[in-house]
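Biologist: I have the model open and want to go through a few spots. Can you take my questions as they come?
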Amino acid sequence: MSTKKVTIQVTGSGILQDDVIMLGEGVLKALKIPSGRPLQLQFGSYRREVTVIPVPRYDGLRINQTVASKTGLVPRSVLSVSYRSASRTLRLGPFISVLVSQDYPDQPDRPFGSITMFCHELVNACRKQGAYVSFFTPEDIGAVTGHIQGWVYDDGWKKTVLPIADVVNNRLTSRKLENKPSVQHFMKEVKSLYGTQTFNEKFLDKNEVFDALKSITTLKRVLPESHLLKSSATLKTMCSKHPVVFLKPVRGSLGKGIIRVSRQIDGSFLTLATSVGGTRKQTYASLDKLYASLSGKMKTTRYQIQQGLSLIDNSGRPVDFRALVQKNRSGKWSVTSIVARIAGGSHYVSNLARGGSLSTVKEAVAKTQLPGSAKASAYANLHTAALDIAKGIEHAIPAHFGELGIDLAMDTTGRVWLLEVNSKPSKNDNTPLSESKIRPSVKAMLEYSSYLAGF
């Protein structure tokens, strides 16, 4: 379907009637839009019958103040316009809403805290591409049926009433918020009533991912042995097979609560646990005593037990990799970026929140013990694994994802392993190292949203 980009101009209510819009003559001809006859104007869930008046030597779209207030459109917005003759529908869009965890109305310059820069970047990308974006929180849901309170940018952030968008990108960072009945009801309702597409629908937990991917033969090579820790027998079996195992909170993030268990020469077991102050060491005479020490935590936290790997290191600091894999303008998975993450001096996890640092893959593997051929093929092997894992997630887990943060590791032979998959990848942690005004990750998110919206 062909589209044209138009700039929105808002006129006073006395100049233009509510059911009349003015459109550049060239746009009308290019899209074969009839003038002087009633059409359906559609923007997200907003619909209204209008008559189009052509304007010579003009390439914009004029609406009056009443229509602007009902659509939430601000002057000088750049949108794509398409026309479907069968339904006589003039569509403006794509209209994208991003669901964020929290806003700060008393901080007009930073209404979304640490992700304000990402939000502003997305606004700029939309203006270049011809799209419209708003941002809302769970608190904004349910005030008015068919509408929502949301933030838009108009020479500054402002909150306004908006229709339901064509596409919702779920960027909630809390399972508690995501599981709120109001949020779950909203997601189902907008899909059934307005055909709204929602992506990154839910959090993934570690055990769910590994259990789902085990059924895919081609991915077995990248999966370290992993089980849900349910009994001391599982702990004993894994520790007898592997000199090192990791206990990971099934729903943990940022490396919180990970416990490394290693068998010592004297038969005891050393644990290293990530904590706020650094790494805490403890020794246990037996696995029974170690398991007993975990039993209190296991009442509230489920653990995945995973085979420890002989990973590459950079000057003694463990290295892993974060691949950002996103759907593209054709709806296909594509690797946007892969960065290496080098652990901080006193840590065995590489998260930036724990003192890790970012590097390119090439730079990170250059100072490792990998053979030369493995160094040369490192990026390509990580790229292939990341794509295969994203396709595997889509095949095995019944939810709609548009982007995934895939954490990978490489052992000393160059073999790639999956560590975990994050369905709400941070907009800071996975930033490509090249500086540009609009990051490839933001551009990709917009392009996939446009694809979903049919633009």
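Biologist: How much space lies in the largest cavity?
Modeller: About 110 Å³. This is a predicted model, where local features need pLDDT of at least 70 and side-chain atom pairs count only at pLDDT 80 or more, while totals for chains, interfaces and linings use all residues. Residues are numbered from 1 along each chain as its sequence is written, and side-chain values use heavy atoms, with hydrogens and water left out.

Biologist: What counts as a cavity?
Modeller: On a 1 Å grid over the protein atoms alone, a cavity is a set of points where a 1.4 Å probe fits but cannot get out; lining residues have an atom within 4 Å of a point. Points are joined across faces, edges and corners, and the volume is the space filled by probe spheres set on them.

Biologist: How many cavities of 30 Å³ or more are there?
Modeller: The count is 2.

Biologist: Which residues line the largest cavity?
Modeller: Val74, Ser77, Val78, Val123, Cys126, Arg127, Ala131, Tyr132, Val133, Val152 and Tyr153. Two or more lining residues come from each of α3 (116–129), β9 (132–136) and β10 (147–153). α3 gives the most, with 3 residues. Helices (H or I, at least four residues) and strands (E, at least two) are DSSP runs, numbered from the N terminus.

Biologist: How does that lining divide into nonpolar, polar and charged?
Modeller: It has 9 nonpolar residues, 1 polar and 1 charged. Here Ala, Val, Leu, Ile, Met, Phe, Trp, Tyr, Cys and Pro count as nonpolar, Asp, Glu, Lys and Arg as charged, and the others, Gly among them, as polar.

Biologist: Zooming out, how many helices and strands does the protein have?
Modeller: There are 11 helices and 25 strands. The C-alpha trace spans about 90 × 45 × 40 Å along its principal axes. Of the 455 residues, 54% are buried, where buried means under 20% relative accessible area, exposed over 50%, and partly exposed in between (1.4 Å probe, protein chains only).

Biologist: Now the largest nonpolar core. Which members touch the most others?
Modeller: Phe321, Ile389, Leu408 and Leu418, out of 42 residues. At least two residues of this core come from each of α6 (206–213), β21 (317–327), β22 (333–342), α9, α10, β24 (403–410) and β25 (416–422). The largest share, 9 residues, is from α10. A nonpolar core is a set of buried Ala, Val, Leu, Ile, Met, Phe, Trp, Tyr and Cys residues joined through side-chain atoms within 4.5 Å.

Biologist: What is Ile389 in contact with?
Modeller: Leaving aside neighbours within four places in sequence, Ile389 is in contact with Leu213, Leu219, Val222, Ile406, Leu408, Leu418 and Val421. Contact means heavy atoms within 4.5 Å. A second, separate core has 41 residues, including Leu28, Leu99, Phe136 and Ala165.

Biologist: Gln326 next. Buried or exposed?
Modeller: Gln326 counts as buried because its relative accessibility is 2%. Gln326 sits in strand β21, and its side chain joins that of Thr336 in a polar contact of 2.6 Å. A polar contact is a pair of N or O atoms within 3.5 Å; within protein, one must be able to donate a hydrogen and the other to accept it, and residues adjacent in sequence count only if both atoms are side-chain atoms.

Biologist: And where is Gln369?
Modeller: Gln369 is in the loop between α9 (361–366) and α10 (372–396). It is partly exposed, with a relative accessible area of 40%. Not counting residues up to four places away in sequence, Gln369 touches Leu311, Ile312, Asp313 and Thr412, and its side chain makes a polar contact of 3.3 Å with the side chain of Asp313.

Biologist: What does Phe455 touch?
Modeller: Beyond residues up to four places away in sequence, Phe455 touches Thr3, Ser80, Ser82, Arg91, Leu92, Gly93, Pro94, Asp166 and Ser450. Phe455 lies in the segment after α11 (440–453) and is partly exposed at 21% relative accessibility.

Biologist: What kind of peptide bond joins Gly93 and Pro94?
Modeller: A cis one, with omega about -10°. Pro94 lies in the loop between β7 (89–93) and β8 (95–99).

Biologist: Back to backbone angles. What is phi at Lys32?
Modeller: About 55°, a positive value, although Lys32 is not a glycine. Lys32 is in the loop between α1 (25–30) and β3 (38–43) and is exposed at 70% relative accessibility. Asp155 also has a positive phi, near 55°.

Definitions and conventions:
1 Å grid on protein atoms, 1.4 Å probe; cavity = no way out; pocket = protein on both sides within 12 Å on 5 of 7 lines; lining within 4 Å.
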